[in-house]
Amino acid sequence: MSTDAPALSPARTLATAGRVLRQLRHDPRTVALLLIVPVLMITLLRYVFDADAGTFDAIGASLLGIFPLITMFLVTSIATLRERTSGTLERLLAMPLGKGDLIAGYALAFGAVAVAQSLLATVMSVWVLGLDVVGSPWLLLLVALLDALLGTALGLFVSAFANSEFQAVQFMPAVIFPQLLLCGLFTPRDRMQPVLETVSDVLPMSYAVDGMNQVLTHTGITADFYRDVLVVAGIALLVLCLGAATLRRRTT
């Protein structure tokens, strides 16, 4: 039995984050998935619409936020589950390490990766592929980073309910796909069936896409942009807290 660890400790959180980053450094396939795949997907999208650059401008910003969210969700959920099934999580929690330290450490480690991922994707989209953005590209980077952190939080949360890596992947259709369909990427949310529009109003990806579109179409920071950023950040924080509350030592 572990002793009760004190409240969230910066030292323990940083130690956990350092361990996770060291593990990622020795897993080149995961690093490639996190850093390279979003850039490749955005590049592919640009040349799919090569004859109509306006279409890429219309949806490129939205996907700049969606791709990091999806990849961070997948990698975080599988990595956390692997820690539990291997017994690493149980050994860690037998030490003076609280669940909050563990979740915060994971969030910090994957957050650092999210910064690199979002920076690469934003630079590639705006300065290489020529995504036409009315507002500041740095605001695009901010929203992309928050979306990646949201994906991390969701991945940490759903990993508590999976007993295998296959089950973790199965959560993607349940958690990500409905948000993808209802976020306004394919059609404006106010044109949806009223019930679906109401559902979309409570899904975080809707605000992620709205935030990107605000930067795409406005030169300054709007009130809607502030709302979108606060909603995405707030939901990410809430889900991280839920992840800490539901974290299990091992898979039964």
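**A contact in a loop, and what lies beyond**

Tutor: The side chains of Arg189 and Asp210 are joined by a polar contact of 2.6 Å. A polar contact is a pair of N or O atoms within 3.5 Å; within protein, one must be able to donate a hydrogen and the other to accept it, and residues adjacent in sequence count only if both atoms are side-chain atoms. This is a predicted model, where local features need pLDDT of at least 70 and side-chain atom pairs count only at pLDDT 80 or more, while totals for chains, interfaces and linings use all residues. Residues are numbered from 1 along each chain as its sequence is written, and side-chain values use heavy atoms, with hydrogens and water left out.

Where is Arg189? It sits in the loop between helix H9 (177-182) and helix H10 (194-200). Helices (H or I, at least four residues) and strands (E, at least two) are DSSP runs, numbered from the N terminus. Arg189 counts as buried because its relative accessible area is 14%. Buried means under 20%, exposed over 50%, and partly exposed in between (1.4 Å probe, protein chains only). Leaving aside neighbours within four places in sequence, Arg189 is in contact with Leu182, Cys183, Gly184, Glu197, Ser200, Asp201, Ser206 and Asp210. Contact means heavy atoms within 4.5 Å.

Now compare another arginine. Arg46 is found in helix H3. Arg46 is buried too, at 15% relative accessibility. Beyond neighbours within four places in sequence, Arg46 touches Phe56 and Leu129.

Ile42 is buried because its relative accessibility is 2%. Setting aside neighbours within four places in sequence, its contacts are Phe56, Leu64, Phe67, Ala121, Ser125 and Leu129. Take Phe67: it is 25 residues from Ile42 along the chain, and their C-alpha atoms are separated by 8.4 Å.

Next, Ser159. This residue belongs to helix H7. Ser159 is buried, with a relative accessible area of 1%. Its side chain reaches the backbone oxygen of Leu156 at 2.8 Å. Apart from neighbours within four places in sequence, Ser159 contacts Ser77, Thr80, Leu81 and Arg84.

How does H7 pack? The axes of helix H7 (residues 137-159) and helix H12 (residues 223-246) come within 8 Å and cross at roughly 20 degrees. So H7 is roughly parallel to H12. Angles under 35 degrees count as roughly parallel, over 145 as roughly antiparallel, 65 to 115 as roughly perpendicular and the rest as oblique. Axes are lines fitted to C-alpha atoms, for helices over the stretch in contact, and angles run from 0 to 180 degrees between N-to-C directions. Residues making the contact include Leu146, Leu150 and Phe157 of H7, and Val232, Ala236 and Leu240 of H12. The contact residues divide into 19 nonpolar, 2 polar and 1 charged. Ala, Val, Leu, Ile, Met, Phe, Trp, Tyr, Cys and Pro count as nonpolar, Asp, Glu, Lys and Arg as charged, and the others, Gly among them, as polar.

One last pair. Helix H2 (residues 28-35) and helix H4 (residues 53-85) have axes that come within 9 Å and cross at roughly 155 degrees. That makes H2 roughly antiparallel to H4. Thr30, Leu33 and Leu34 of H2 meet Thr71, Met72 and Val75 of H4.
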